[in-house]
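Here is a short tour of one protein model, written to be read with the coordinates open beside it. Please have your viewer ready and follow along section by section.

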Amino acid sequence: MVGKRQVFSVGDLGVDILQEISHSVEFGEEHSLKELDFSIGGNAANFAVIGSKLGINPVLLAAIGKDFSTKFLKKELAKAKVPSKLIKSGKPNAFSIILVNKRGERSIQSVKNCLSEITSSRVAKALLSKLKAGDIVFFGGFYHLQKFRPGFGRLLVQIKKRKALVCFDTCFDTYNVWNISEFLPLIDFLFVNDIELKHIAKGNTMAKRVDFLFRKGATCVAVKQSSTGSTLFVNGLKPKTFSSVAGKVVDTTGAGDAFNAGFVFGLVNDWSLFNCMIAGNFVAGQKIKVHGLAAPSASAVKKFVAKRASLPVIVTKSHEEMSREAAQAVLDILSSKPNASFALPTGSTPKRLYSLLTNAYKNGKADFSRASFFSLDEYVGLSPEDKNSFSFFLMSRFLGKVNARKKNIHLLNGSAKKPGLECGKHEKAIQRKGIDLCLLGIGQNGHIAFNEPGSSFTSRTRVIKLKQSTRKVNGVSFKSGLAPERAMTVGIKTILESDAILMLASGKQKKNAVSCMLKKTKSLNCPAASLQRHLNALVLADKAAV
């Protein structure tokens, strides 16, 4: 999905009048002030401006009034290269007066004016016909839009029917209504700061408040915690806190909007949620160093996250649960992209996965006719008909049981007279099509595919000599007790070029290998550790493997 998602920012647009103060404000006195700073304001507009600087180019859907500032707002949107669909109003524009002290803390006084022109029906008319599967709709400043609540639930239902993602930022509710419980089941990603969380949820701790939201239907909540950083809560998983990367604080105005833009930047690039959080913290940290809506470049964000990439691990209760989670991931991708391409592992770990996918096809819940499939490895010297070959495994357990088309199945031929040429042919096929989801297992010595310890992280599809330990582990079905000495394998660099990677790890015999992988080592002695370099990799492991 990389580069194919369109982002829409729906909500408030106004003028921010910012004044930096070095003293407390006393009534009845007159103070000399520095120059007033006029800028675009509003949560949705700030998100769109920062998002545009990051290169995700959100389309802003908002209302614009009729007064002396209208020309200024249009000019600033054009300057920031923000495409917009604006609802015209005869009322004045929204204004916020923001006082910022030396510590970067702020006080905001605002008047909503034309924001009352935004209704769910108007947004539906402007938005729904433009949406496609995988697009992202961000809602900012919801509480500022007094007439937006009626019909909002129906709008969300229509967005979800089109298989778009919904991101919702709570902001501060000056009308003191706060309740969004009825909408939570339809929101994919909820952004809230720790102060707002106290208003929208019950509980005496952050965890209990988020649990309250989960009970109301929320699935993923990102809590912004000012100078502390942020915490990611995903229903059913342990929360994870990400430290702030902020340095000197000049102005926190728009920091939350910057976090939101950084997080969505990660979503657009199909990063894992952990890495979306890292991106959000980084973009917010860069913004608060200056006044105005500053943002780092897209390349700077990618470089920062790549150095700190976190490999998420989901631990399931059993092999069955792990297999069902993996099957659902495949079906979800297939649903949004019927012509998706998959790299397939072999061995005992994915057997149940393939059984579940076969059942989904037989029950009419999956269509593999447009999808493409690539094998990850094969023994040199074994024909596709050999029962010990990986080609036979994949065809007999999965590909031959579903409606996958022969022209879309790319399996390494172990009996090829020139294995090196066969590897080159396979690599070219992968480069032409690309891999949307690479499914991986992990060897007891940390190998992925047949990339044994010592394999270069820049390797491509090639012939490799197998370690004696691998030959013994895999040699159970061979008369000699040893698997063949040589194999063909897709290289580590080719694997890392996949849009998404899902590793399956099962059984206590994989425990040491999983531990090695998660140490963030760059050592070539653990090929699986290379997944730390990928921004959208996920490990599914049963309890025994961790």
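## Two residues with positive phi

Lys81 sits in the loop that links helix 2 (70-79) to strand 5 (84-88). This is a predicted model, and in it the phi of Lys81 is near 60°, a positive value in a residue other than glycine. With a relative accessibility of 66%, Lys81 counts as exposed.

Trp178 also has a positive phi, near 70°, and again the residue is not glycine. You will find Trp178 in the loop between strand 9 (165-169) and strand 10 (189-193). Is Trp178 buried or exposed? Its relative accessibility is 4%, so Trp178 counts as buried.

## A buried glycine in a loop

Next, look at Gly141, in the loop between strand 8 (136-140) and helix 4. Gly141 has a relative accessible area of 0%, so it is buried.

Which residues does Gly141 touch, once its neighbours within four places in sequence are left aside? They are Asp12, Asn43, Asp169 and Cys171.

## Helix 3 against helix 4

Two packed helices are described by the angle between their axes and the distance between the axes. For helix 3 (residues 120-127) and helix 4 (residues 152-161), the axes come within 9 Å and cross at roughly 20°. An angle under 35 degrees counts as roughly parallel, so helix 3 is roughly parallel to helix 4. The crossing of these two helices is left-handed.

To see the contact itself, select Ser120, Val123, Ala124 and Leu127 in helix 3, which meet Phe152, Leu155 and Ile159 in helix 4. By class, the contact of helix 3 with helix 4 has six nonpolar residues, one polar and no charged.

## Helix 10 against helix 11

A second pair to inspect is helix 10 (residues 319-336) with helix 11 (residues 351-362), which pack at an angle of about 50° with their axes 8 Å apart. That angle makes helix 10 oblique to helix 11. Helix 10 passes helix 11 in a right-handed crossing.

On the helix 10 side, the contact is made by His319, Glu320, Ser323, Arg324, Ala326, Ala327, Val330 and Leu331. Helix 11 contributes Arg352, Leu353, Leu356, Leu357 and Ala360. The residues in this contact of helix 10 with helix 11 divide into eight nonpolar, two polar and three charged.

## Cysteines without partners

How many disulfides does a search of the whole structure find? The search finds zero. Cys276 is in no disulfide, and the nearest cysteine sulfur, that of Cys220, is 8.9 Å away. For comparison, a disulfide needs the two cysteine sulfur atoms within 2.5 Å. Cys276 has 0% relative accessibility, so it counts as buried.

At 1% relative accessibility, Cys438 counts as buried.

Note on methods:
Residues numbered from 1 in each chain as written. Predicted model: local features only at pLDDT ≥ 70, side-chain atom pairs only at ≥ 80, totals over all residues. Heavy atoms only, no water. Axes fitted to C-alpha atoms, helices over the stretch in contact; angles between N-to-C directions. Helix = DSSP H or I, 4+ residues; strand = E, 2+ residues; numbered from the N terminus. Parallel < 35°, antiparallel > 145°, perpendicular 65-115°, else oblique. Left-handed = near helix turned anticlockwise from the far one by under 90°. Contact = heavy atoms within 4.5 Å. Nonpolar A, V, L, I, M, F, W, Y, C, P; charged D, E, K, R; others polar. Buried < 20%, exposed > 50% of the residue type's maximum accessible area, 1.4 Å probe, protein only.
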